[in-house]
Amino acid sequence: MRLLHRASPWRRLFAADAVPDPMRLPGLLAPLREVVERLGPAPTLAEARAWQADLLDALLRLELPASRISQLLSDHNDGLYRRAIAESLTEMRGQGWGEPPVAFCVLTLGSAARHESLLAPDQDNAMILADYPDRRHTEIDAYFQSLGERFTQRLDAAGIPLCQGHVMARWPMWRKRRSEWDAQLAIWTGERRVKRVQQANILLDFHPVHGDPALARALGESVARHLPPAGGFLDEMATLLEESPLALDRWGRVVGGGEGAPHQTAVDLKHRALLPLVGAVRLLAVRHRIRAVATRERLAALVMAGALDAQRADETIRALERLQALLLEAQRTALAQGRAPDGWVGLDGLGEDRRLLLRHDLGRIRDLVRYATKR
């Protein structure tokens, strides 16, 4: 299987909460060194976020695969999260709030948690608090509500917009004590209700970005405990996946247009290709007790568990890679033209070979969805 090694030196590039030292970058990475020097040693959050366009250009010049670029963009966003939270905590100390009253952990969710972000992520995050007595709820939750509002507002001002669906730690739904998260999962997975399955689906892809990682591990244990026995929940999860539209017509041809399309030959590859692929792999991972979060790691684990054959997994990885490449290219073009990057890709801008590959990949995704949703 074509898997990226997690221990790659590339993943250390943004591991520290500081701009990489350009003088420590080897000459072979000259394009990267140039953009790091251009950023400077002490950028603001907004400057660091806007710099990702330069970072993308440099990584493309170095001919890195789209999957690696997506990982590095996500790693850089993790650093922006940590900085926004640290600045918020410092501000709160200066205003007399003091230190956090209990241990906490901020989670990123969705593509950020899978380290599969592109250039236009919004905020999807949550917070786990260590358990505390109910009599202290007003005092303690007020502290973390303020923290959640502050760091999400900082990220929004920097260019990572607030989630329009309110999936953020500033809201009580996504800020809970450890035991409350366990109870919430029991409710969400206890019956076949669309809204609850959708909310649980969001939480299934999580990554600790700041705070006590033991709280995130406890959440992982709760997920493992509640999900596998929940047959009705998994059935509804499969039904939602079956209802996810693919950018194919009944004859297997790629179709563009639709609501929000910039033109009739534009294809929404995020919602009508990438998300169904990710959702199918997630469903298989939950069904087979796979703890991994990143799509590639889930696929590898599924093969190792005998739940997926290596050829299907490899085809899925290749499709994922090509979709990420198409989206990154389209987003780079949008920025160059002064437009906001999004999930649309114009078919007219693709050569015949790439259109045929896209049709092939969409067919493989359709087959994967059917395989994942088999009852």
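# Pocket lining, charge pairs and cysteines

At a relative accessibility of 44%, Arg192 counts as partly exposed, a class that runs between buried (under 20% relative accessible area) and exposed (over 50%), with a 1.4 Å probe and protein chains only. The model is predicted, so local features need pLDDT of at least 70 and side-chain atom pairs count only at pLDDT 80 or more, whereas totals for chains, interfaces and linings use all residues. Residues are numbered from 1 along each chain as its sequence is written, and side-chain values use heavy atoms, with hydrogens and water left out.

**Salt bridges**

- The structure contains 32 salt bridges, each being a side-chain nitrogen of Lys or Arg within 4 Å of a carboxyl oxygen of Asp or Glu.
- Arg192 pairs with Asp235 in a salt bridge, at 4.0 Å from N to O; Asp235 sits in helix α10 (residues 231-242) and Arg192 in the loop between α7 and α8 (194-204), and the pair links these distant parts of the chain, 43 residues apart.
- Asp131 and Arg178 form a salt bridge in which the closest N and O atoms are 3.4 Å apart; because Asp131 lies in the loop between β2 (125-129) and α6 (137-158) and Arg178 in helix α7 (residues 178-188), the pair ties together parts that are 47 residues apart in sequence.
- Both residues of that pair are partly exposed, Asp131 at 37% relative accessibility and Arg178 with a relative accessible area of 32%.
- Asp205 and Arg282 meet through their side chains in a salt bridge of 2.9 Å, N to O, which links Asp205, in the loop between α8 and β4, to Arg282, in helix α11, across 77 residues of the chain.
- Asp205 is buried at 1% relative accessibility, and Arg282 is also buried, with a relative accessible area of 13%.

**Second largest pocket**

- The second largest pocket has a volume of about 1000 Å³; a pocket here is an open set of points on a 1 Å grid over the protein atoms alone where a 1.4 Å probe fits, with protein on both sides within 12 Å along at least five of seven lines.
- Its lining (residues with an atom within 4 Å of a point) consists of 43 residues, and Ala113, Phe206, His207, Val293 and Ala294 lie nearest the centre of the pocket.
- At least two lining residues each come from α4 (66-94), α5 (111-114), β4 (206-211), α9 (213-226), α11 (269-287), α12 (295-304) and α13 (310-336), where helices (H or I, at least four residues) and strands (E, at least two) are DSSP runs numbered from the N terminus.
- Helix α4 supplies the largest share of this lining, 7 residues.
- By residue class, the lining divides into 21 nonpolar, 8 polar and 14 charged residues.

**Cysteines**

- The structure holds 0 disulfides, a disulfide being a pair of cysteine sulfur atoms within 2.5 Å.
- Cys105 is in no disulfide, and the nearest cysteine sulfur, that of Cys163, is 19 Å away; seen from Cys163, the closest cysteine sulfur is that of Cys105, which is too far for a bond.
- Both cysteines are buried, Cys105 at 0% relative accessibility and Cys163 with a relative accessible area of 9%.

Conventions. Points joined across faces, edges and corners; volume = space filled by probe spheres on them. Nonpolar A, V, L, I, M, F, W, Y, C, P; charged D, E, K, R; others polar.
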